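Dear colleague,

Please find below the sequence and the structure that I am handing over to you. My notes on what was found follow directly after them.

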Amino acid sequence: MNHLKAINKKAARVERATLREPQGRPEPGRGTTEHDVVALQRTGLPQAPHFPVGCSLVFSPGWEADRTGGTAGLCQPVERDLFDCHIGCYWPAQVPDQLNHAPDWTAKCAAAQKDWRKIDLIFP
Amino acid sequence: MSERKLTMSVNVIGWAVGLAVMCATPPAHAQPPTPAATDVAKDEGIPVQNDLVRAKCGSCHRSDDKGRMSRVSYRRATPENWERTIKRMVTLNHAILEPADARSILKYLADHQGLAPDEARPIAFEAEHRMIEYSYTVDKDAADTCSSCHSMARVLSERRTKEEWELLVAMHRGYYPLIDSQPMNGGQGFRRTRPIQTEPGPDGRPPDNRHPMDKALEHLTKTLPLTTPEWSAWSAAMQAPKIVGRWAVVGSQAGKGSIFGQVTVTADPSVPDGFNTETRYTVARSGETITRTGKALVYTGYQWRGRGSSSSAAGSDPSTSSGSSRAQSRDEAAWREVLFVERDWTQMWGRWFTGAYDETGIDVKLTRLSNDPVVLGTSVASLKTGATNQAVKIFGANLPATLRPEDVGFGQGVRVSRIVNARADEIALEVDVAVGAPIGPRDVSVGGTVKAAALVVYDKIDGIRVLPQAGMARVGGNVFPKQLQQFEAVAINYGPDGKPDTADDLTLGLVAVKWSLEEYTATFGDDDIQFVGTLDANGLFTPNVDGPNPKRSGNRNNVGDVWVVAELSSADARQPDRPLRARAQLLVTVPLYMAWFESEGGK
């Protein structure tokens with residue numbers, strides 16, 4: 001950033017963020033006090049994230065993690081997205097589907113944002 | 001298997017790997033298999049010789065003249081996979097089963113159509129509910145097609161005929177129609193959705209334009225057939241396990257360190273291959289002693305599935321919790337046990353676990369005890385050079401009650417100065433470590449018994465490391481349970497070569513550190529750290545509640561990613577004026593709405 005000067009608002013924000021949060025990602029596990037902007041700044045193919053069995057990482061975003069291994073790219077809040085997941089069984093391992101398994105799953109939940117407490121945990 | 005679950009009606013689902021619909025007009029049967037496939041399958045099928053299975057499953061699964069039942073006889077699977085299938089038959093296909101019958105059927109099928117030990121060994125982590133990274137590199141098409149939704153180990157828990165593999169895919173396509181075109185791995189569902197390739201590949205061969213599921217099927221049929229030499233050998237050699245007796249247990253629990261104790265196994269005459277257990281172990285670092293009683297069944301001659309609880313909570317049934325208590329984690333005193341009984345009946349290994357998502361566990365190894373003395377380990381993982389009157393406990397079994405200091409050895413430069421107390425299972429003593437004692441792993445001997453590499457001698461702490469390097473928690477508490485994440489910090493000495501990350505690095509065991517969270521800055525103005533939850537003084541992360549949070553932009557959930565930071569200020573550090581720091585990534589994410597992690601296999 002030494003040879004660049006911010007000329008619009010967005011660039012100024014970038015400058016502020018990078019000054020506050022010096023770049024350079026330390027090796028995980030080695031101590032550092034530096035902050036760094038990581039997840040959505042990566043380019044190219046993401047590294048394989050380190051989250052284990054049960055996580056659908058091949059979808060973009062996944063259920064537990066987005067394709068960078070973080071949560072910044074998830075559909076949020078998750079309740080907003082449930083009807084799509086439920087009806088289309090887009091997440092068969094994470095959300096019950098309406099086609100066969102739990103047709104009444106959201107019967108008591110007219111608006112997920114309001115009624116999300118009425119959604120049940122389903123035991124396969 | 002609880003009655004409540006078995007009698008649940010169609011609003012309960014079963015989604016996993018298993019047999020397809022079998023009642024009424026099963027869609028899988030609507031497509032008659034080719035004669036060739038049928039012939040092969042019939043040649044291979046395993047006759048069912050159990051009256052209960054034939055009575056309860058036979059109305060849909062017809063037997064042929066050789067006692068082979070449709071679908072059932074052409075598949076082998078782990079107890080967990082058979083259990084999922086039986087549950088699905090009840091919940092989706094209207095099979096009516098009493099819990100006791102379901103347990104008997106599960107036992108018969110797992111015993112007579114199970115996996116051989118060598119087939120199950122590589123996927124032990126699946127039954128152990130261990131959170132690990134696992135990549136199936138043998139076949140990319142199979143991995144993409146199957147593990148986009150569930151663990152590949154669930155597939156590797158199966159052995160099937162070609163026709164059965166095809167019907168399994170048909171079941172998935174029937175229950176989850178969208179998987180045909182679901183964007184797995186960048187746009188490929190079960191069916192090929194990309195344009196047909198006409199150009200030859202880099203190897204000059206014509207392009208393979210088959211559907212991904214067809215490529216996966218070819219691999220599964222070839223790699224995981226019903227008939228294997230392993231199963232032929234094991235199904236003939238298998239015996240009811242004779243494992244009654246005393247067992248020494250050595251284990252390791254995240255955040256707590258090593259545990260040492262004993263398990264007494266007695267026969268449970270009420271069920272075949274059933275056992276009762278009494279377990280008593282000590283957490284070496286804290287001295288805390290835990291006593292549990294439990295029950296277990298051994299499937300297929302080697303798969304121990306048990307359930308234990310501390311005496312005060314014995315008999316409690318976590319599956320009976322419902323309603324508002326569902327949000328709480330399961331009875332914390334109830335632990336499940338998954339062990340692999342080695343063929344020589346002298347060792348068992350696996351995991352004991354608990355928690356709403358089975359996230360809290362102890363990796364254990366059990367060794368059968370005779371009357372010979374055994375040294376299991378020590379209360380400390382490391383000794384510092386120059387330390388005097390260092391208190392150490394040695395854990396074991398059948399240890400001599402009268403000991404002199406010279407009967408106990410720690411190798412060069414370490415002298416036992418005093419025996420404080422000696423019991424058959426525990427010796428308390430004090431040691432002096434010479435200033436110039438060579439650093440490295442040390443054997444500990446008591447009389448004529450030795451434990452190799454029981455601890456290490458070190459001079460300075462060169463660094464610390466946070467484990468696991470990547471952790472995951474799930475928000476909960478309002479409706480769904482919380483998934484916790486325990487972190488721990490271990491100290492490292494770079495070893496005689498003084499260089500980090502080399503083979504001679506010494507792990508010095510857990511150290512008490514100052515824990516904190518730092519923002520993992522994924523976006524500008526990232527504020528996850530304010531919402532995700534709290535990390536306690538022992539490194540246990542407890543996530544915040546589930547549900548939309550009106551205080552966050554876009555009503556986001558209390559999800560986020562943060563760094564978990566450990567800081568150690570120690571006079572033992574090589575540079576004592578500079579605190580040692582290390583960190584790990586923590587993903588705090590959304591709940592699961594399907595309790596696929598639940599299993600009743602141990603009951």
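What covers the buried residues of helix α9 of chain B includes α10 (152-156) and α12 (212-223) of chain B. A residue is called buried if 20 or more other C-beta atoms lie within 10 Å of its own, exposed if 12 or fewer, and partly exposed in between, with C-beta atoms placed from the backbone. Helices (H or I, at least four residues) and strands (E, at least two) are DSSP runs, numbered from the N terminus. Helix α9(B) spans residues 140-147, and six of its eight residues are buried. These are B:Asp141, B:Ala142, B:Ala143, B:Thr145, B:Cys146 and B:Ser147.

Please note that this is a predicted model, in which local features need pLDDT of at least 70 and side-chain atom pairs count only at pLDDT 80 or more, while totals for chains, interfaces and linings use all residues. Residues are numbered from 1 along each chain as its sequence is written, and chains are lettered from A and ligands numbered from 1 in the order in which they are written.

Confidence

The quantity pLDDT is the predictor's confidence in each residue, from 0 to 100. Its mean over chain B is 87, and 87% of the residues of that chain reach 70 or more. Within chain B, confidence is lowest in helix α1 (residues 3-6), at a mean of 34, and highest in strand β1 (residues 75-77), at 98. The model scores are ipTM 0.74 and pTM 0.84.

Chain B as a whole

Chain B holds 13 helices and 28 strands. Of its 603 residues, 48% are buried. Two residues are in contact if their C-beta atoms, placed from the backbone, lie within 7 Å. Among contacts in chain B between residues at least 6 apart in sequence, 62% join residues at least 24 apart.

An automatic or database domain assignment gives the domain bounds: domain 1 (3-235), domain 2 (245-368), domain 3 (374-458) and domain 4 (463-589) of chain B. Where domains 2 and 3 of chain B touch, the contact takes eight residues from domain 2 and six residues from domain 3. On the domain 2 side, β3 (245-253) and β4 (257-267) of chain B each supply at least two residues. The largest share of that side, three residues, comes from β4(B).

A buried lysine

B:Lys107 is found in helix α6 (residues 99-112) of chain B. Why does B:Lys107 count as buried? The reason is that B:Lys107 has 22 C-beta neighbours inside 10 Å. Leaving aside neighbours within four places in sequence, B:Lys107 is in contact with B:Leu297 and B:Tyr299.

Two sheets

Strands of a sheet pair through backbone hydrogen bonds, either parallel or antiparallel. Here, two strands are said to pair if DSSP finds at least two bridges between them. One open sheet of chain B has four strands in the order β12-β18-β17-β14, with mixed pairing. β12 (382-384) and β14 of chain B stand at the edges, each with a single partner strand, so one side of each has no neighbour in the sheet.

Strand β14 (residues 408-409) runs antiparallel to strand β17 (residues 440-446) of chain B, and two bridges join them. In this pair, B:Val408 stands opposite B:Val446, and B:Gly409 stands opposite B:Ser445. Six bridges join β17(B) to the antiparallel strand β18 (residues 449-458) of chain B; B:Gly440 has B:Val457 in β18(B) as its bridge partner. The hairpin of β17(B) and β18(B) has two residues between the strands, and B:Gly447 takes a positive phi near 60 degrees there.

Another open sheet of chain B has three strands in the order β21-β26-β25, with antiparallel pairing. Its edge strands are β21 (485-486) and β25 (533-535), each of which pairs on one side only. Three bridges join β25(B) to strand β26 (residues 540-543) of chain B, and B:Leu535 has B:Phe541 in β26(B) as its bridge partner.

With kind regards
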